[in-house]
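Work through these exercises with the structure open beside you. Try each task before you read its solution.

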Amino acid sequence: MAKTIIEPFRIKSVEPIRWTTRQERGQLLLSAHYNLFQLPAEDVLIDLLTDSGTGAMSTKQWAAIMVGDESYAGSKSFDHFRDSIQDIFGYRHVIPTHQGRAAERILFSVMCKKDDVVPNNTHFDTTRANVEFVGAEAVDLVIAEGKQPSLVHPFKGNMDVEALENLIQRVGRERIPLVMITVTNNSGGGQPVSMANVRQVSAVCRRHRIPLYFDACRFAENAYFIKLREPGYALKSPKQIAREMFAYGDGCTMSAKKDGLANIGGFLCTNDDLLAQQEKNLLILTEGYPTYGGLAGRDLEAIAVGVQEALEEDYLRYRIASTAYLGTHIAAQGVPIVQPPGGHAIYLDARAFLPHIPPAQFPGVALAAELYLEGGIRSVEIGSLMFGGAAKMDLVRLAIPRRVYTQSHIDYVVEVILEVWKKRDSIQGLKLTYEAPFLRHFTARLEPVEQAVLHAV
Ligand SMILES: *Cc1c(COP(=O)(O)O)cnc(C)c1O
């Protein structure tokens with residue numbers, strides 16, 4: 001079979017992207033105070049800020065949108081949504097929400113109380129915030145290998161099963177209302193969790209009668225990694241793998257903006273009738289009636305088709321290969337990245353890329369700004385600006401939107417990164433000129449340190 005990665009689709013509708021000159025980008029960077037969140041999106045050539053809600057929909061999804069039933073109650077679109085989700089996830093109750101964090105808020109409000117403890121391989125930031133909002137403690141139990149950026153391991157998202165057992169012994173099962181597994185492990189670099197690990201965690205949970213829930217945002221990408229890497233799964237379809245995985249749990253939360261291949265939406269699933277009733281009551285209070293949950297009927301239709309398309313093998317082969325291609329081609333030239341490439345993003349290790357810039361001068365922000373200046377690429381810092389002094393790493397995430405960019409776009413990104421790699425010694429650190437009291441990375445303003453010194457003289 002030919003080795004070239006090709007998109008398993010042809011393009012029927014195009015959206016132009018705008019070239020800017022280097023000089024314009026320099027000005028735009030100044031106006032944005034070196035914070036790429038502040039850039040107008042139309043001045044970005046390749047936008048790798050996030051893979052959330054940025055995917056391209058298929059002809060079948062657009063067709064489904066036209067048959068959306070906008071009835072307030074009992075919408076036919078809800079039946080399509082529920083049937084499609086149950087076909088994959090297998091859970092008894094399917095509750096639509098406007099996005100993943102709404103499903104999280106409802107789940108933790110109903111299941112957790114003050115001083116409870118929720119273990120996860122790694123909580124995503126909204127997941128952690130929603131656990132903490134109800135006064136519970138969010139504990140991350142990813143395996144030791146998952147914390148070493150340069151180490152290659154097939155399932156760096158796995159949960160440390162012994163640590164889970166120890167935690168249950170220490171705090172008691174009464175304080176642990178549920179255990180969660182995030183697939184793939186977004187905050188840990190988009191790394192997958194193996195079926196063997198899911199099985200082991202599930203066995204521990206069942207033994208202690210603790211429900212197991214999945215944060216299922218990238219369930220299809222995780223299923224494909226299992227097919228590629230775990231013995232015994234090569235001949236199974238991604239859907240068979242996903243069904244097996246979900247059967248080890250009792251429910252899930254989901255952001256349809258990821259592997260739902262939709263621009264908005266999410267859902268919450270459970271097998272527990274009593275919980276489902278409580279969740280629906282809360283849903284009515286803040287999201288909407290249980291047959292729409294804050295979404296339009298057309299959104300439910302787009303998600304019903306999207307979750308199925310996300311499991312198509314041709315799509316997943318292209319998706320995972322294309323992300324890996326970006327990672328391996330820059331790593332081959334010495335660019336330090338989190339290894340191995342994850343499913344939805346490549347993470348540059350900015351501390352290793354720019355060893356002359358101390359963490360206090362935001363090497364990740366400086367590198368992201370330089371990638372924009374060099375080639376109009378927008379990425380996001382995950383490091384000292386986002387987490388302050390608590391940041392253990394300074395990473396730059398290049399998240400790949402689903403079905404949006406072609407192989408030549410990826411080749412272009414590789415070229416730009418290698419250009420920046422060549423001139424890395426000339427990149428300067430940055431200093432803050434404004435910061436908000438919380439979530440400062442969205443609105444922070446920065447300037448180059450050298451300029452600051454000049455001002456001071
Ligand atoms: C995106 C994401 C969420 C939250 O979903 P939203 O739709 O953005 O609210 C939760 N968990 C993980 C792992 C995610 O990637």
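**Exercise 1.** Does phenylalanine 219 count as buried or exposed, and at what relative accessibility?

*Solution.* Keep in mind that this is a predicted model.
Step 1: Take the value. Phenylalanine 219 has 0% relative accessibility.
Step 2: Compare it with the cut-off. Buried means under 20% relative accessible area.
Step 3: Conclude. Phenylalanine 219 counts as buried.

**Exercise 2.** Classify the aromatic pair of phenylalanine 37 and phenylalanine 442, and place its two residues in the chain.

*Solution.* 
Step 1: Start with the whole structure. A search finds 15 aromatic pairs there.
Step 2: Look at the geometry. The rings of phenylalanine 37 and phenylalanine 442 are 4.8 Å apart, centre to centre, with 70° between the planes.
Step 3: Apply the cut-off. Planes over 60 degrees apart count as edge-to-face, and this pair of phenylalanine 37 and phenylalanine 442 is edge-to-face.
Step 4: Place the residues. Phenylalanine 37 is in the loop between α1 and β1. Phenylalanine 442 is in the loop between β13 and β14. They are 405 residues apart, so the pair links distant parts of the chain.
Step 5: Phenylalanine 37 is partly exposed at 30%, and phenylalanine 442 is partly exposed at 39%.

**Exercise 3.** Why is the pair of phenylalanine 219 and phenylalanine 246 tilted?

*Solution.* 
Step 1: Find the ring centres. They are 5.8 Å apart.
Step 2: Find the angle. The planes of phenylalanine 219 and phenylalanine 246 are at 55°, so the pair is tilted.
Step 3: Locate the partners. Phenylalanine 219 lies in helix α8 and phenylalanine 246 in helix α9, so the pair ties together parts 27 residues apart in sequence.
Step 4: Check the second partner. Phenylalanine 246 counts as buried, at 0% relative accessibility.
Step 5: Widen the view. Phe219 and Phe246 belong to one aromatic cluster, with members including Phe78, Tyr91 and Phe267.

**Exercise 4.** Which residues surround the ligand, and how much of its accessible area does the protein cover?

*Solution.* 
Step 1: Count the shell. It has 15 residues, and the closest are Arg101, Asp215, Arg218, Ser255 and Lys258.
Step 2: Sort them. Two are nonpolar, seven polar and six charged.
Step 3: Find the top contributor. Helix α4 gives the most, with three residues.
Step 4: Take the polar atoms. A side-chain N or O atom of aspartate 215 is 2.8 Å from a ligand nitrogen. A polar side-chain atom of lysine 258 lies 2.8 Å from a ligand oxygen.
Step 5: Finish with the cover. The ligand on its own has 380 Å² of accessible area, and the protein covers 97% of that.

Terms used:
Residues are numbered from 1 along each chain as its sequence is written. This is a predicted model: local features need pLDDT of at least 70, side-chain atom pairs count only at pLDDT 80 or more; totals for chains, interfaces and linings use all residues. Side-chain values use heavy atoms; hydrogens and water are left out. A residue is near a molecule or strand if one of its heavy atoms lies within 4 Å of it. A polar contact is a pair of N or O atoms within 3.5 Å; within protein, one must be able to donate a hydrogen and the other to accept it, and residues adjacent in sequence count only if both atoms are side-chain atoms. Accessible areas come from the Shrake-Rupley method with a 1.4 Å probe; for residues, only the protein chains shown count as cover. Helices (H or I, at least four residues) and strands (E, at least two) are DSSP runs, numbered from the N terminus. Ala, Val, Leu, Ile, Met, Phe, Trp, Tyr, Cys and Pro count as nonpolar, Asp, Glu, Lys and Arg as charged, and the others, Gly among them, as polar. Rings of Phe, Tyr and Trp (its six-membered ring) pair if their centres lie within 6.5 Å; planes under 30 degrees apart count as stacked, over 60 as edge-to-face and the rest as tilted. Buried means under 20% relative accessible area, exposed over 50%, partly exposed in between (1.4 Å probe, protein chains only).
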